[in-house]
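Have the viewer open and follow along.

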Amino acid sequence: MIEPIQKPRRKNPLQRTQLPTSPPRARSRASHGFTRAAAEGRFMLQHCGACGTFCYPARDACPACLSADLAFTDAPRRGTLLSETTLHIPADVHFRERAPWRIGLVAMECGPTLVTHLHADCEEGGPVVMSFQLDKSGQAVAFAHPERETPNMTDDRQWREMTADPKFRRVLVTNGRSIVGQEVVAALKTAGASIVFVGVAEPWKPFRGEDALRAMEGVEIVPLDIGDEKSVADLAADVGGKVDILVNTTEHVRAGGLLDRQGTSVVRDEIDQSYLGFVHLAQAFGSSMRMRGSDGVNSAAAWVNILSVYALANWPAFGAYSASQAACLSLSHCLRAELRSGGVKVVNVFTGPLDIEWFQTVPPPKVAPRAVASAIVSALKRGLEDVFVGDVAEEIRQRLAANPKAVERELGA
Amino acid sequence: MDSNSLMQFAGAVASGAVRVVDLTFTLSPDFPVIVLPPEFGQAAPVRIQQISRYDANGPAWYWNNLTFGEHTGTHFDAPIHWFTGKDLPNNAVDTLPVRDMIAPACVIDCSTQAAKDADFLLTIPVVEAWEESHGRIPERHWVLLRTDWSKKGWRDYANLKDDGAHTPGPNAAVMRWLVEERGVIGFGTETIGTDAGQAGHLDPPYPAHHFLHGGGRYGLQCLCNLDQLPPTGAVIVAAPLKIQNGSGSPLRVLALVPGQG
């Protein structure tokens, strides 16, 4: 039974902030199959194409038949906790700070035995459900959950190390003018965020939903124009030290590619709002988030980007926009690497066309802004890194995995 | 004019006998800019990007890169800005006659009317009433419309509603009349444009732009401190940046007014 976590008290300014440390991060290339699974919230094991054996840990040949045909596939998650061990004085700095720490051995119903981190409600000899999670080093680790939901389950101390749960965290949502931004604010408040700072650019321009946003409890509207370096720096000077989760809800969608556009001002706006805005935010907020990755219950935990799935494959009908999104995707990988030493996750939420005015003429299916908001909160609670929301995004992902050239031709048809 | 008079003038500026009033808002990223429907090209907002500030990027010096549209902040409109002035000679900020950059002004105070009605329109009778008190508007003078709009907070200043901006300005008849019957050198306002917020619904649309620039005259907007100017007798110094074929430019607008001493 987990005691619910309490809202953290104000920090004692006489105490030094605990700096982030990393759990062991070395992995073999083969075991990045688990990293991929963890990033997407899937449970995948290597499965021998020749004899059908599931195996663990990652290896290059099947332990049963020596076949090299060992693809990662989605595997059954159920197992039994064979034994548990509580580490009281680990040699590793990261775990020593977090001791006591429970790990265990789980016999999977599909065959292999896993060394795993344990949720506090897992009992020796009892059934467990497994997942792979990204730990504070960004690498995949196995995690055993109790079979059924238990009280205050998500408040488990070891589980919270694997996630970026908004509960009691302080969030910056960069653009409250958009419907997506407003839905994200509402979803984060429902998820228990203690305060949501909401950026509003050009506050002299009224916007839809403004009154409701201003009336929300625990929501603070702040001036933020992410295209303006100084505006971003000024906000970071005020609240940079208390942003635990940053959700970039910038939305600047314009149709058109290259040849049907006159001049470059629209392209420039796209770059300013998406790519440069991202750069400004990262430079202003990134380093303090990285430094605060181990700062207690409300440590800095995650940076969320909402990206078009056409960042992965250009959709010429929105070609220049796709390119700006591709730039942001590339930058997100840079940020992810740079934030990793702080244990701060970078979550990329890929969507197809949203159900907003700028995709008005695009036929359905379109993604409801509320679905994006739910996906973000879910990703934070589950500790995911790559999320695909809606049918279009999922379909593009699958088609890219099958044949990227076909995707290029078909999107450009 | 002999050089003595010019030196006398310089002395009067130095002594305060001629007072210099700054009619300019600070050029900053926060200042409202004209809002067009989003499917049109947009004025780039003011951006001030630091190159260095006595730091690793330049240890002994501070400087910035700037970007902004020609029509941001307190700015000047040249005739080439509007289709009606597109074929006129010397119609851009780099070619317009420099002597036009210094000219006297008539200031028409409509602050009372504008306080009551955000959509207040300046009309010929209003100007005629002003002329009753202050005399006929001489040729090659600026006409500046004082509304005290510059004293508002920026949301009220832009005053955007779901049917567009509601800010005061001139009607079509008075603009044509000022250009053709009074020969003004230009028209200046405190609001975001020389035209009223709802001027797109006038005939012709945006009459200040239409008639001023069609007649080779100039516009000044986003002015402040007009309440410090006398109805007549102020001299305006408005020299836009010499931008190649530029349609306008942010600028420092100064008014010289009789002071103490």
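## Strand 12 of chain B

In this predicted model, strand 12 of chain B covers residues 218-221. Y218(B) and L220(B) point one way from the strand, while G219(B) and Q221(B) point the other way. All four of these residues are buried.

## Its two partners

Strands of a sheet pair through backbone hydrogen bonds, in either a parallel or an antiparallel sense. Strand 12 of chain B has a partner of each kind to look at. Strand 4 (residues 75-77) of chain B runs antiparallel to strand 12 of chain B, and three bridges join the two. Here H75(B) stands opposite Q221(B).

Strand 11 (residues 186-189) of chain B pairs with strand 12 of chain B in the parallel sense, again over three bridges. G188(B) has L220(B) as its bridge partner.

## The open sheet in chain A

Now turn to chain A, where seven strands form an open sheet with parallel pairing, in the order 11-10-9-12-13-14-15. At its edges are strand 11 (219-223) and strand 15 (386-389) of chain A, each pairing on one side only. From one strand to the next, the twist averages 20°.

Four bridges link strand 14 (residues 345-351) of chain A to strand 15 of chain A in the parallel sense, and F350(A) stands opposite F388(A) of strand 15. Helix 7 (residues 265-291) of chain A packs on the sheet, where it touches strand 12 (245-248) and strand 13 (302-308) of chain A. The direction of helix 7 makes about 170° with that of strand 12 of chain A.

How values were computed: Residues are numbered from 1 along each chain as its sequence is written. Chains are lettered from A and ligands numbered from 1 in the order in which they are written. This is a predicted model: local features need pLDDT of at least 70, side-chain atom pairs count only at pLDDT 80 or more; totals for chains, interfaces and linings use all residues. Two strands pair if DSSP finds at least two bridges between them. Axes are lines fitted to C-alpha atoms, for helices over the stretch in contact, and angles run from 0 to 180 degrees between N-to-C directions. Two residues are in contact if their C-beta atoms, placed from the backbone, lie within 7 Å. A residue is buried if 20 or more other C-beta atoms lie within 10 Å of its own, exposed if 12 or fewer, and partly exposed in between; C-beta atoms are placed from the backbone.
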